[in-house]
Amino acid sequence: MVSSSNTFSLSLILFLSFSSFFSPSQSHNKVSLELYYESLCPYSADFIVNYLPQIFQHDLLSIVDLKLVPWGNAKLKANKTFDCQHGPDECLLNTVEACAIDIWPQLDKHFAFIYCIEDLALHRKRKEWESCYEKLGLNATLVDDCYRSERGNELDLKFANETNALQPPHEYVPWVVVDGKPLLEDFENFISYICKAYQGTDAPKICTQASYLSTVREVEAKGKHSFCDMERVMSTWNKIRSTIASWTSQMNFLVAI
């Protein structure tokens, strides 16, 4: 993980500079970039704060359609409620960010808000997430009403379905997909994949640089764990279920005696 030394002043600068990149695109061959993540996975936050802003800094939005999907490794239960990998705070912030995407479909607005929250999360200040409204001059009522209502739950289920429909299924977060192809552990190298996938003639300058024209590198460190693992979640829940089942069996045996 890249160590984050950013303060919110950087977030605000990015927010103000983002708007200059949102002119209508001349491209008809945009590359899809999808990020499947969860709000309190430190590696998701790191990617959003320290890597994803490169698409703004290098004018890649002229060739990229960016989609954020805040659900990650959360687990749906039978009654349409769910558990999140990092607890109730993550469930709350996933819903808050889902509402922001729905209410402010313009990328400059919802990305700046999500960036602000993830920057706080990265600095262990997630409880201060509501300060992002004032910092960005956004209307708090819209998102607050959404995440406290049935609409928030509907959005959670929508993003759950989109995540669970992934083929191949996601294994961890952040799970980065370029033109339908998951980048697996090489997600930090996403710009190379975008440049290689782009079929148009008006590629941004960054895509003409040798470092991004070179063959997309293979991941050398197969054992590198720079993500929040799905299997780890399943393993934990399986252990809990096994423990409960064992305890119940023992109790039933004692009662029978």
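**Helix packing and disulfides in the predicted model**

Helix α4 passes helix α5 in a right-handed crossing. A crossing is right-handed if the near helix is turned clockwise from the far one by less than a right angle, and left-handed if anticlockwise. Helices are DSSP runs of H or I with at least four residues; strands are runs of E with at least two; both are numbered from the N terminus. The model is predicted: local features need pLDDT of at least 70, side-chain atom pairs count only at pLDDT 80 or more, and totals for chains, interfaces and linings use all residues. Residues are numbered from 1 along each chain as its sequence is written, and side-chain values use heavy atoms, with hydrogens and water left out.

Two packed helices are described by the angle between their axes and the distance between the axes. Axes are lines fitted to C-alpha atoms, for helices over the stretch in contact, and angles run from 0 to 180 degrees between N-to-C directions. Helix α4 spans residues 88-103 and packs on α5 at about 160°, with the axes 9 Å apart. This angle makes α4 roughly antiparallel to α5 (over 145 degrees; under 35 is roughly parallel, 65 to 115 roughly perpendicular, and the rest oblique). From α4, the contact (heavy atoms within 4.5 Å) draws on L93, V96, E97, A100 and I101. From α5, H110, F113, I114, I117 and E118 take part. By class, the contact of α4 with α5 has seven nonpolar, one polar and two charged residues. Here Ala, Val, Leu, Ile, Met, Phe, Trp, Tyr, Cys and Pro count as nonpolar, Asp, Glu, Lys and Arg as charged, and the others, Gly among them, as polar.

Helix α2 (residues 42-50) also packs on α5 (residues 107-122). Their axes come within 9 Å and cross at roughly 130°. That makes α2 oblique to α5. The crossing of α2 past α5 is left-handed. On the α2 side, P42, A45, D46, I48, V49 and N50 are in contact. They meet F111, I114, Y115, E118, D119 and L122 of α5. The residues of this contact divide into eight nonpolar, one polar and three charged.

The protein chain holds five disulfides, each a pair of cysteine sulfur atoms within 2.5 Å. Counted along the chain, the bonded cysteines pair as 1-10, 2-3, 4-7, 5-6, 8-9. Among the disulfides is C84 to C91, with an S to S distance of 2.1 Å. Its torsion of 115° about the S-S bond is right-handed. Both C84 and C91 are buried (under 20% relative accessible area with a 1.4 Å probe, protein chains only; exposed is over 50%, partly exposed in between).

C99 and C146 are also joined, with sulfur atoms 2.1 Å apart. This pair links distant parts of the chain: C99 lies in α4, C146 in helix α7 (residues 140-147), 47 residues apart. The torsion about the S-S bond is about -80°, so the disulfide of C99 and C146 is left-handed. C99 and C146 are both buried.

A further disulfide joins C116 and C132, at 2.0 Å between sulfur atoms. It is left-handed, with -90° about the S-S bond. C116 lies in α5 and C132 in helix α6 (residues 131-136), so the pair ties together parts that are 16 residues apart in sequence. C116 and C132 are buried.

Overall, the secondary structure of the protein chain comes to 11 helices and eight strands. Of its 257 residues, 47% count as buried. Among contacts between residues at least 6 apart in sequence, 75% join residues at least 24 apart.
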